[in-house]
Amino acid sequence: MSEKFEPVIVGFLCNWCSYRAADLAGTARIKYAPNMRPIRVMCSGRVDPQFVLKALREGADGVMIAGCHPGECHYVNGNIKAMRRFYLLKKMLTQLGVEEERVQLVWASASEGILLAEKVDQMTESLRALGPLNWDEEVVQCCNEYEFAETLPVLEET
Amino acid sequence: MAEKPKLAMYWSSSCGGCEISVLNIHEKILAVDEVFDIAFFPCIADFKKKDVEAYPDEHITLCLWNGAIRNEENEEMAHLLRQKSQFMVAFGSCAYEGCIPALANLTSKEAIYNTVYRNNPTLDNPEGIIPLTSVQVAEGELTIPAFYHTVKSLDQVVDVDYYLPGCPPEPEQIWAVLQIIVSALLEGTPLPPKGSIVGVSDVAVCEECDLKKSEKVISRFYRPYEIIPEAGVCLLEQGIVCMGPATRGGCGALCPTVGMGCRGCYGPMPGVEDQGAKMLSAIASVIGAGHESMEESQLEEEIQAVVDTIADPAGTFYRFSMANSLLKRAKVNGSN
């Protein structure tokens with residue numbers, strides 16, 4: 001590859017904490033990776049697993065869900081619900097062959113601009129190491145032409 | 001008397017249960033015979049592919065297609081029947097959204113071949129022979145259709161007019177759909193808009209289910225063999241994964257009524273793109289672990305413990321809808 005691969009991260013940031021953290025990172029002029037495309041949601045609990053799958057299907061290399069720390073949710077327990085979904089989704093995504101680093105849950109309060117910036121930097125680097133996901137071309141469209149070699153070695157009995 | 005409309009039914013990657021469900025409309029099958037001429041129906045009548053090829057285009061009025069698209073032959077026949085039919089109906093869950101055959105999308109073609117032809121304990125194949133699409137023998141070349149890596153639903157290869165979900169569709173739903181088409185043909189009543197999902201209701205299976213429901217707080221999930229469900233009580237509340245909340249009704253909640261959690265065969269609710277993701281969301285919201293007053297590590301531990309009791313989320317939530325899900329298949333490397 002001649003060009004450096006720039007991962008695309010879709011970030012679902014909660015209105016009350018993490019979006020404000022991103023705002024703070026901006027006003028404080030913190031330099032961090034420009035790879036996250038932030039989408040403001042009212043609560044991390046609003047993030048439907050469909051949003052995550054759709055982002056991955058339509059070209060994102062990773063998805064970050066960011067919300068208030070547990071116990072600090074504007075809606076009391078929206079982030080706890082997000083957490084329940086996230087752990088189950090993570091288990092399902094492993095079965096679907098999506099690497100663990102590609103979907104991350106982050107807690108960042110409104111004062112933690114630096115923390116959010118660091119998390120975005122870290123995620124960008126880990127996705128860069130993993131390489132592009134390119135789900136539609138590499139996974140959905142791929143391999144139908146693949147044919148077996150005529151002679152295959154017989155596997156050892158296990 | 002004018003010529004009767006023509007009916008075809010063809011199977012691709014399926015179990016044959018859809019054909020049985022058509023015959024299961026009992027004596028009404030005589031009414032079907034009265035209205036339609038059978039033009040192609042390998043399960044019950046002897047027609048060949050060349051007969052279909054000889055028909056003029058749109059000769060067949062109604063083609064009920066059941067089965068997913070698993071190999072080259074399936075796709076070829078789908079194109080042929082589409083060309084020869086006025087109405088193409090994706091009949092049953094396999095044609096509509098992949099169903100059980102599409103669970104193979106969680107693995108690879110190579111792994112399937114290894115299991116079926118090489119590593120199966122009941123297999124005697126010392127030379128490791130596997131099917132090839134083309135083989136030279138003394139008499140010439142022998143060919144078989146290529147086996148695809150990814151199972152597709154019918155509408156991923158041809159244009160589909162109507163969808164009739166279910167594994168298999170319920171007899172009264174089949175009859176209702178046949179009636180709509182027959183009365184459109186004979187009396188000119190309007191047909192549902194193209195692309196409609198027919199023979200279903202617009203509410204979730206839970207709405208059709210009579211089991212007693214209260215608040216759901218689950219601290220462990222059970223696989224069907226691990227628990228004898230209490231009669232009359234919502235199965236999900238008892239920790240049995242029941243797809244009712246994320247599945248379209250129309251079946252009359254047959255499975256939950258007899259103590260087996262809904263499998264999800266009628267597909268996603270109207271407006272939902274991905275049934276598995278919605279089910280995941282519904283299941284996660286009844287997990288009774290974690291409280292906002294807890295430390296993060298404790299939260300994680302408690303939630304993870306409950307999640308661990310769900311053995312196979314992808315296979316469970318996408319049991320019928322893998323081919324039509326957002327991700328469509330798993331990413332697999334090599335033979336895993």
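Me: Let's start with what gets a label: helices (H or I, at least four residues) and strands (E, at least two) are DSSP runs, numbered from the N terminus. Which residue, with a positive phi, follows α1(A)?

Reply: First, this model is predicted: local features need pLDDT of at least 70, side-chain atom pairs count only at pLDDT 80 or more, and totals for chains, interfaces and linings use all residues. Residues are numbered from 1 along each chain as its sequence is written, while chains are lettered from A and ligands numbered from 1 in the order in which they are written. Now, α1(A) covers residues 18–27. The residue that follows α1(A), with a positive phi near 55°, is Arg29(A).

Me: How many helices and strands does chain A have?

Reply: Go along the sequence of chain A and you read β-α-β-α-β-α-β-α-α. Counting them up gives five helices and four strands.

Me: What percentage of the residues of chain A count as buried?

Reply: A residue is buried if 20 or more other C-beta atoms lie within 10 Å of its own, exposed if 12 or fewer, and partly exposed in between, with C-beta atoms placed from the backbone. In α1(A), Tyr19(A) and Arg20(A) are among the buried ones. Across the 158 residues of chain A, the buried part is 47%.

Me: What is the order of the strands in the open sheet of chain A?

Reply: Strands pair if DSSP finds at least two bridges between them, and β1(A) and β3(A) do so in the parallel sense over five bridges. The open sheet has four strands with parallel pairing, in the order β2-β1-β3-β4.

Me: What angle does the direction of α2(A) make with that of β3(A)?

Reply: Axes are lines fitted to C-alpha atoms, for helices over the stretch in contact, and angles run from 0 to 180 degrees between N-to-C directions. In the strand pair, Phe12(A) stands opposite Ile65(A) in β3(A). α2(A) packs on the sheet, touching β1, β3 and β4 of chain A, and its angle to β3(A) is about 150°.

Me: On to the partner: which helix of chain A do the buried residues of α11(B) pack against?

Reply: α11(B) spans residues 296–307, and its buried residues are Leu299(B), Ile303(B), Val306(B) and Val307(B). They fall within an arc of 100° (taken from the directions from the helix axis to the C-beta atoms), so they line one face of α11(B). What these buried residues pack against in chain A is α3.

Me: How many residues does α3(A) give to the side of chain A that touches chain B?

Reply: The contact takes 38 residues from chain A and 42 residues from chain B. Elements of chain A giving two or more residues are α2 (49–57), α3 (78–95) and α5 (135–140). The one that gives the most is α3(A), and its number is eleven.

Conventions:
Two residues are in contact if their C-beta atoms, placed from the backbone, lie within 7 Å. The expected span of a helix is 1.5 Å times one less than its number of residues.
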